[in-house]
Amino acid sequence: DLYRRLLWSWNERMNLTRHTTLEKFVSRDVVDSHELSKLLEQGERVLDVGTGGGVPGIVVAILRPDLTLGVCDSTQKKARAVESMVADLELPIRVFPNRAEELLEITTFDTLVARGLAPLAKVLTWLKPHWDAFDRLLLIKGRSWADERAEARHLGLLRGRELRKAASYQTPGNDAESVILSVSPGTDGD
């Protein structure tokens, strides 16, 4: 709840989230982050790419203190807001005011995670030169995930990658299906 209050306070100064009711915060931010946290192995080094207001990274860090978590956002003011929230929450999260691609040039992670970042094809294009710096990518997606997968396949962005649906769950309060896609080195059958 402290995180929610901090997020909403910062949101009054800059656009960090559109989930400004308790119902939306819980049914989207907390549920998505909780489902994601169940897919991470003990002690993994995780980077939240394009964290925005800290989702899913901050929520995952609260739920899974065994992880080594970093969050990044290339928008400096968002990174500063998240850094302030992380300090207030006393969480051991490293905040990077950078694009993920810059970080992956100098460090490695076990898993990259993202929610609401961009369509799958864009994310795969950005990360294509950096697959040696991480083992897998977990993306929280909504109902258009199958169309995004089809576009990525059509563009050849899944060659040499295995994409699978790691989790599927109903979003509380509506009939929307959310999924977590896992992309890792391997074959995609194309």
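Which helices and which strand each supply at least two residues of the lining of the largest pocket? Select helix H1 (2–11), helix H2 (22–37), helix H5 (100–104) and strand S5 (134–141): each of these supplies at least two residues of that lining. Helices (H or I, at least four residues) and strands (E, at least two) are DSSP runs, numbered from the N terminus.

This is a predicted model, in which local features need pLDDT of at least 70 and side-chain atom pairs count only at pLDDT 80 or more, while totals for chains, interfaces and linings use all residues. Residues are numbered from 1 along each chain as its sequence is written, and side-chain values use heavy atoms, with hydrogens and water left out.

**Stop 1: the pockets**

On a 1 Å grid over the protein atoms alone, a pocket is an open set of points with protein on both sides within 12 Å along at least five of seven lines; a cavity is a set where a 1.4 Å probe fits but cannot get out, and lining residues have an atom within 4 Å of a point. Grid points are joined across faces, edges and corners, and a volume is the space filled by probe spheres set on the points.

Select Gly 50, Gly 52, Arg 115, Gly 116 and Leu 117, which lie nearest the centre of the largest pocket among its 35 lining residues. The space in this pocket is about 820 Å³. Its lining divides into 11 nonpolar, 14 polar and 10 charged residues. Here Ala, Val, Leu, Ile, Met, Phe, Trp, Tyr, Cys and Pro count as nonpolar, Asp, Glu, Lys and Arg as charged, and the others, Gly among them, as polar.

Next, select Arg 45, Val 46, Thr 68, Leu 69, Gly 70, Arg 94, Phe 96, Thr 107, Thr 108 and Phe 109, which line the second largest pocket. Its volume is about 170 Å³. Strand S1 (45–49), strand S2 (68–72) and strand S3 (93–96) each supply at least two lining residues, and S2 gives the most, with 3. By type, this lining has 4 nonpolar, 4 polar and 2 charged residues.

**Stop 2: the cavity**

The count of cavities of 30 Å³ or more is 1, and the largest cavity has a volume of about 40 Å³. To see its lining, select Val 49, Ala 100, Glu 101, Ala 114, Leu 117, Val 123, Trp 126, Leu 127, Leu 137 and Leu 139. H5, helix H6 (120–127) and S5 each give two or more of these residues, with H6 giving the most, 3. The lining has 9 nonpolar residues, no polar ones and 1 charged.

**Stop 3: the nonpolar cores**

A nonpolar core is a set of buried Ala, Val, Leu, Ile, Met, Phe, Trp, Tyr and Cys residues joined through side-chain atoms within 4.5 Å. Buried means under 20% relative accessible area, exposed over 50%, and partly exposed in between (1.4 Å probe, protein chains only).

Select Tyr 3, Ile 58, Leu 69, Met 85, Ile 93 and Ile 180, the residues with the most contacts inside the largest core, which has 36 residues. Helix H4 (76–89) is among the elements giving two or more residues to this core; the largest share, 6 residues, comes from H4. Apart from it lies another core of 29 residues, including Val 49, Ala 100, Leu 139 and Ala 152.

Now centre on Ile 93. Leaving aside neighbours within four places in sequence, Ile 93 is in contact (heavy atoms within 4.5 Å) with Gly 57, Ile 58, Ala 61, Leu 69, Gly 70, Val 71 and Val 86.

Move to H1, where 7 of the 10 residues are buried: Tyr 3, Arg 4, Leu 6, Leu 7, Trp 8, Trp 10 and Asn 11.

**Stop 4**

Select Glu 44, in the loop between H2 and S1. Glu 44 counts as buried because its relative accessibility is 7%. Not counting residues up to four places away in sequence, Glu 44 touches Leu 39, Leu 67, Thr 68, Asp 110, Thr 111 and Arg 136.

Then select Glu 12, in the loop between H1 and H2. Glu 12 has 73% relative accessibility and therefore counts as exposed.

Last, select Pro 56, in the loop between S1 and H3. The peptide bond from Val 55 to Pro 56 is cis, with omega near 10°.
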